[in-house]
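Reader: I have a structure open and I am new to it. Can we walk through some features one by one?

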Amino acid sequence: MWKTIWRAIVTPSLTRRLMLAQVGLLLVVWVAMVVIIIRDIAYTDQWYAPRLMNNRGTMILAVVDGLADRPIELHEALTRIDEFQRNEHREEDTQGVRTTMMVWVGDELVYVTPGERRRVQATTPFVIEHSVQDGQRFRSWMQPSTRSKARVVLLLPSDGEQVFLALWSRGFVLLPIVVSLPALLLPAWLSVWLALRPFRRLADEVAAKGPEDLAPLAFDPKHRELKLIGNSVNELLERLRSGVERERRFIADAAHELRTPLAAMRINVEALRERPHSSEDAVLLDGLMHSGDRATRLVSQLLSLMRSDADPHTANYQPLRLDELAQERLAMLGGIARHRDVELELDAPDEATVVGERQGLITLIDNLVENAIKYSPARGVVRVKVSAASTGGAELCVEDAGPGIPAEIRERVFERFFRAPDQAQSGSGLGLAIVRAVAEAHHAKVTLGVSEAGGLRVLVNFAAQA
Amino acid sequence: MNVLLIEDDIDIGNGVRIALTDQGMTVIWVRRLADALASLEVSAHDIVLLDLGLPDGDGITLLQRLRRERKTLPVLILTARDSLSDKLLGLDAGADDYLVKPFALAELLSRLRALARRSYGYEGDTVEVRGLALHEPTLRVSVTGKPIELSRSEYLLLSTLLKRADRVQTRRVLEEQVLTGSAGDSNALEVHISNIRRKIGDGYIRTVRGVGYVIDKAQSRGAP
């Protein structure tokens with residue numbers, strides 16, 4: 001689960017890119033604000049704070065000098081000033097943050113902020129100094145009296161604390177950004193997500209396309225960037241389609257053209273066979289006939305494969321009675337079955353209707369039944385069953401008593417020109433490829449299994465069609 | 001039999017010519033439409049074997065012209081075009097039969113004979129398979145010379161099976177042909193067939209379960 005989340009995080013996405021760009025920009029703005037404020041503080045220390053401190057020191061020293069002979073009133077006045085200073089910037093009255101005051105006369109400490117342990121007697125006058133005492137960093141201001149030995153020392157928070165305080169006190173500038181930055185993430189993500197919706201629609205449609213579907217995209221985006229992508233995809237599909245179509249037509253034409261020389265060869269061999277010949281010649285003539293038949297079958301299978309591969313959108317699909325078609329085709333194949341001494345049996349008790357193309361379905365049934373007859377032992381039975389599925393589709397099942405197909409090559413036998421090893425029968429290796437091509441064009445599923453007699457069972461499942 | 005072969009492919013033309021001549025037929029072979037028309041003018045042919053794709057035109061035009069002029073001359077189309085629409089086009093234009101290349105010599109001969117028979121009016125004569133004979137003009141059926149009495153439906157069924165011997169006739173075709181009145185009864189066909197079998201004996205009509213029935217010209221090797 002963590003792995004999935006991590007992968008989702010590291011995989012680049014346009015949404016994330018846009019998001020990061022937005023967040024990055026906001027961060028830059030934020031940092032810029034902070035820098036401006038820090039610079040402002042540095043400026044304050046150099047120019048503004050000394051003047052302010054000087055006034056403050058002068059005021060305090062005036063009180064100290066004026067009340068020098070009345071210690072009780074002096075202490076009272078200094079305590080009030082100290083209290084005012086400690087809460088001046090609405091900061092907490094805590095050590096390290098507050099402004100601390102010490103008043104010296106000579107070496108005598110006249111006043112110190114209660115609870116303050118640091119003692120600073122003298123530093124460079126009229127300059128804000130940075131010092132460390134007891135591991136505590138702070139800034140200090142020392143101002144001597146011009147009339148007496150009195151000195152006032154003010155301890156101020158260090159730079160870092162000063163920045164913090166400054167940010168705090170300037171919160172009215174930064175607070176909106178600090179608060180809105182995380183709150184901006186959701187609307188930013190939402191807006192990006194919404195804006196990219198047509199992009200996702202295009203991607204979804206391309207992804208949903210099957211390997212055989214080369215029709216142009218149905219989605220026609222209006223956006224400039226997407227239109228470019230959509231048009232390129234459509235152009236690519238068009239080029240692919242015309243390429244595939246050209247190739248298909250070439251193979252079909254080639255197969256078609258091969259029929260005439262094959263016909264010529266056959267009729268010549270047959271004419272020769274009718275004439276007197278020796279028994280050795282008969283073997284040779286049979287060989288010629290046999291190979292001629294094989295080539296003929298291969299050519300006609302190539303033709304039907306190319307036809308079943310044709311664009312399904314142009315084919316003539318209509319509701320057909322599969323049970324009647326099976327009866328018709330089995331009657332046509334009765335001759336071959338008898339020739340091989342194989343019995344055909346049809347079980348089609350119900351009406352079974354499929355939406356399909358007649359020639360394609362004939363090719364499918366013929367190939368399955370011819371295969372079953374070919375691999376059946378003498379006096380074996382080929383059972384064909386047609387039934388209406390309860391879901392609305394139909395099912396065609398062809399069973400033989402032959403050797404069957406081992407489970408490990410059941411997927412491979414659908415490949416073109418694949419022939420099972422140790423094959424006793426000659427064949428083109430195209431029969432099942434044709435069956436699958438026709439089935440796919442009809443949205444039907446072909447499953448191979450074991451028949452009751454231990455041979456092959458081929459199940460073709462036609463899905464219900466709206 | 002006098003055959004006019006119109007075929008532009010030299011190898012096929014030669015092969016068919018020799019094969020048919022060996023069978024005792026007289027074959028005139030032409031390779032162009034123009035020659036075919038000339039030959040049709042001067043000689044009397046019993047049958048025409050017509051290839052569709054010819055160097056100087058389509059065989060269909062010749063067929064159409066032939067049908068306008070002489071209606072009865074049987075025409076058998078020989079072509080590599082095998083689509084249903086091509087077949088229908090040829091048959092609609094007036095062809096009597098249609099054979100797709102490559103074809104077996106035996107099939108060509110059998111169709112030629114069937115066409116010739118039809119054109120000479122032989123069709124009404126006796127059809128006979130392994131001693132089972134059917135004489136159409138008199139509606140008489142006999143097994144090895146012994147006459148058999150059949151009902152009308154039984155006669156129609158048997159004549160369909162006999163005339164198309166070796167080709168399995170589907171239940172649907174048989175039912176449509178002979179049982180128009182009682183279409184609702186699904187067992188009617190079985191009852192008729194079993195009656196026929198009782199009368200002519202087993203071993204003639206073979207059941208192809210679920211598909212239909214067939215009369216084999218040769219006795220089956222296995223069961224009756």
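Reader: Let us start with two helices. At what angle do α9(A) and α10(A) pack, and how far apart are their axes?

Author: This is a predicted model. In it, α9(A) and α10(A) pack at an angle of about 40°. Their axes lie 10 Å apart.

Reader: Is the crossing of α9(A) and α10(A) left-handed or right-handed?

Author: The crossing of these two helices is right-handed.

Reader: Which residues make the contact between α9(A) and α10(A)?

Author: Start with the general idea. An α-helix has 3.6 residues a turn, so residues three or four places apart point the same way. Now the case here. From α9(A) come L325(A), A326(A), R329(A), L330(A), L333(A), I336(A) and A337(A). From α10(A) come L361(A), I362(A), I365(A), D366(A), V369(A), E370(A) and I373(A).

Reader: How do the residues of that contact divide by type?

Author: There are 11 nonpolar and 3 charged residues in the contact of α9(A) with α10(A). No polar residue takes part.

Reader: Stay with α10(A). How many residues does it have, and what distance does it reach?

Author: Helix α10(A) covers residues 358-375, which is 18 residues. From first C-alpha to last it reaches 26 Å. That is close to the 26 Å expected at 1.5 Å a residue.

Reader: Which residues of α10(A) are buried?

Author: Count neighbours: a residue is buried if 20 or more other C-beta atoms lie within 10 Å of its own. In α10(A) the buried residues include L361(A), I365(A), V369(A) and I373(A). Each of those four is also in the contact with α9(A). Also among the buried residues are G360(A), T363(A), N367(A) and Y375(A).

Reader: Next pair. At what angle do α8(A) and α11(A) pack?

Author: Helix α8(A), residues 279-308, and helix α11(A), residues 431-441, pack at about 20°. Their axes are 9 Å apart. The two helices are therefore roughly parallel to each other. α8(A) passes α11(A) in a left-handed crossing.

Reader: Which residues of α8(A) and α11(A) make the contact?

Author: α8(A) brings Q301(A), S304(A), L305(A) and S308(A). α11(A) brings G431(A), A433(A), I434(A), A437(A), V438(A) and A441(A). That contact divides into 6 nonpolar, 4 polar and no charged residues.

Reader: How many residues of α11(A) are buried?

Author: In α11(A), 10 of the 11 residues are buried, so this helix is largely enclosed by the rest of the structure. R436(A) is one of the buried residues. The buried residues of α11(A) pack against α8, α10, β11 (444-450) and β12 (456-462) of chain A.

Reader: What happens to phi just after α11(A)?

Author: H443(A) takes a positive phi there, of about 55°.

Reader: Where can I find a positive phi after a helix in chain B?

Author: Look at G24(B), which follows α1(B). Its phi is positive, near 90°.

Reader: What span should α1(B) have, and what are its end C-alpha atoms apart?

Author: Helix α1(B), residues 10-22, has 13 residues, which should span 18 Å at 1.5 Å a residue. Its end C-alpha atoms are 18 Å apart, which agrees. Its buried residues include I12(B), V16(B) and L20(B). R17(B) is another of them.

How values were computed: Residues numbered from 1 in each chain as written. Chains lettered and ligands numbered in written order. Predicted model: local features only at pLDDT ≥ 70, side-chain atom pairs only at ≥ 80, totals over all residues. Expected span 1.5 Å × (residues − 1). Buried ≥ 20, exposed ≤ 12 C-beta atoms within 10 Å, placed from the backbone. Axes fitted to C-alpha atoms, helices over the stretch in contact; angles between N-to-C directions. Left-handed = near helix turned anticlockwise from the far one by under 90°. Contact = placed C-beta atoms within 7 Å. Nonpolar A, V, L, I, M, F, W, Y, C, P; charged D, E, K, R; others polar. Parallel < 35°, antiparallel > 145°, perpendicular 65-115°, else oblique.
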